[in-house]
Amino acid sequence: MDETPLIEFRNITKRFGDKTVLDKVNLKIYENQITTIIGKSGTGKSVLLKHIIGLLKPDEGAILFRGKPVAAMKKNEWENYRNGVAYLFQNNALLDSMTVFDNVAFPLRQTTNLGEIEIDKRVAKKVEEMELAEAVDKYPSELSGGMQKRVALARALVTDPKIVLFDEPTTGQDPIRKNMILSMIVHYKRKFGFTAILISHDIPDVFFISDRLVILWEGAVGFEGTYDEAVRLKLPMIDEFLRSLEGFQDELTGLLSREAFKGQYAAMLWGSGGISTASAALFSVEFELLHETLGPQAAVEVLRALGEYANRRFKPMGGFSARHRRDQILTIFPHTSPDKARRLVADFARELNQEALARIQTIAQAKMGAEATPEIHVLAGITEVSSTDEIEQIIEKAQAKQQIVAAHEGDSGGSA
Amino acid sequence: MTSLDRIRSSNLPITLLTPIGRGTLGLLGNLGAMAIFFSMAFINIFRRKQLREIVNQVFYIGATSSLIVMLVGLFTGMVLGLQLFYTLVTFGSVGALGSAVSLSLVREMGPVLTAIMITARAGSGMAAEIGILRISEQVDALYAMRVDPVRYLISPRIAASIISFPLLTAFFDLIGIIGGYITGVLLLGTNGGTYLYRVHSSLNMVDVRGGFIKALVFAAIVSCVCCFQGYFCHMRAGGFGAKAVGLATISAVVLSCVMILISDYVLTSFLM
């Protein structure tokens, strides 16, 4: 990308005592994008955010805003810049001697010349959006952790900022609210065109809403780019980080981790003198569409449930499955001809049509908490596996043959 | 080991002097920081949107302290009346009781005791409150919302102290003189008219003004020291979190009281 980044970190070093928290960090944040910073706890993610807003000053290096060093800004330039930045603190940092209403109204009262009526209107709107209407007269200490977070979100967004720094916006939220918050960030971005910088541990959910990914690794930027680039690069530290989080979720659904899948595939090819025939099926859902209509959390849930069904069905027959990319499940059937595999998949599709998809839909609806009726299409592609095929090649072949095998339209029941 | 370290470790008198030097430098640094802190807060008193918060603080520091200040004033006046009566009676000059009570109250005891009482009541509260705001990142949150924490938190407290201290001192003086009247006239039976006449004739505007100047200086000292200790409690060595707030409150009260007494001496020597 050639455009000037909105915010750029150049060789930023920050030490606390003799501990170096950020070590020559270089980072670019572009306008109107959602940039997500991930990294293990204690790698300096919050410290990084605090530099953007000026709460911390770097020991070395420079922060540039639209190509201009922040340190050299005049007072009114700096005020202008600060005017458009809002910060959501990790621990919310609500003013605990004020009610929820006063907390949300505080930035408007203190930094604008709006009248009380206008302030009331804006606060009421934000409070409504965050489902906090019944809590307006309560004090922060009377609220649950999740509600406090939403108050903090409302307070950060009430001034309609241009840049919002979210320090773990979804931590402590139930899945429905988590989905709501992530969707809201995307929605706001589209509507007002703001730039969001996110710190989150909600992997993989945040990947779907992020335009760029920054991985902090021991005080330095280990990776900077899109999610697809991150997966393609296969840098050891990224792989470790992503897989440790994904692996756990796959374990819950009974799918194999990608490593285990690779191992089993190799064993199938070379074990007991090789095999004569094998087939593979690639299942997927129209993920982008689901993501659009239901939000990231529910979309992930649909895929997860599909994986669980596929695994339960094919495992007794010796088939093994794993998740590939965001939205694909690859199942390999050893000692099975493509014709037989096709029959197996057709049986599976029937099960999906009869009951499973309706059940998946219910799960997705519960996750999302709304009354909408998502339309789910399951695609499958079957291909023969030859002993020289790499897993990537199998996926490519199967993907070319994919077609809709099962569909569930709203509430009216299954139809093939 | 640098050459400076070698000299330090080889030379006993220097080893003994090092802590004194370090302490002095630390003290001067702190005083400087406090002066800058105070001036920044003072300038911000006159910004927009401050009045509401200042009124709140006047209520908190001033109005709610008035009862306890008056109670202390009453008993101080009464004990002064008692002590001075028995001292003056040996010289046969009980008539001077009114002068003695009113002058010692207005010049010395009024400003000093009021300041110490407010330190104990509101000063400790200020330090603890600001300290908790600091450790729970609420100060940072103010900054992040583009609200200057010094302007929003410190300036109204300093303004309110400057308003409240002289007023409370006046209450203290008045009630103290009444206390002296109660013991001297009502209990011990000196002439009431003489008492009041002596109070009236011996108290000059210079004394009253001196007392108020003291009250203003104490107001600046107490509010600045207490807010400063709370505001920077996260930078203290030897304590984090709640402990840092506790330590900040202790030093706020101790330092305020010590500085009240030291500055009282300095001011008195100038005002005399």
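Predicted model: local features only at pLDDT ≥ 70, side-chain atom pairs only at ≥ 80, totals over all residues.
I looked up the strand order in chain A and found an open sheet of four strands, β2-β1-β4-β5, with antiparallel pairing. I noted that strands of a sheet pair through backbone hydrogen bonds. The edge strands are β2 (19–29) and β5 (68–69) of chain A, and each pairs on one side only. I then checked β4 (residues 60–65) of chain A, which is joined to β5(A) by two bridges. Across from A:K68 in β5(A) I found A:F65.

I have 18 aromatic pairs over all chains. I picked B:F37 and B:F228, whose ring centres are 5.4 Å apart; their planes stand at 80°, over the cut-off of 60, so I logged the pair as edge-to-face. B:F37 belongs to helix α2 (residues 12–44) of chain B and B:F228 to helix α9 (residues 205–231) of chain B, 191 residues apart. Is B:F37 buried or exposed? Its relative accessibility is 5%, so B:F37 counts as buried. B:F228, at 8%, also counts as buried. B:F228 and B:F232 make a tilted pair, with centres 5.0 Å apart and planes at 55°. I found B:F232 partly exposed, at 28%.

A:R82 lies over the face of B:Y143, 4.2 Å from the ring centre. B:R134 lies over the face of B:Y231, at 4.7 Å from the ring centre.

Note on methods
Residues numbered from 1 in each chain as written. Chains lettered and ligands numbered in written order. Heavy atoms only, no water. Pairing = 2+ DSSP bridges. Phe/Tyr/Trp six-rings, centres within 6.5 Å; stacked < 30°, edge-to-face > 60°. Buried < 20%, exposed > 50% of the residue type's maximum accessible area, 1.4 Å probe, protein only. Lys NZ or Arg CZ within 6 Å of the ring centre and 35° of its normal.
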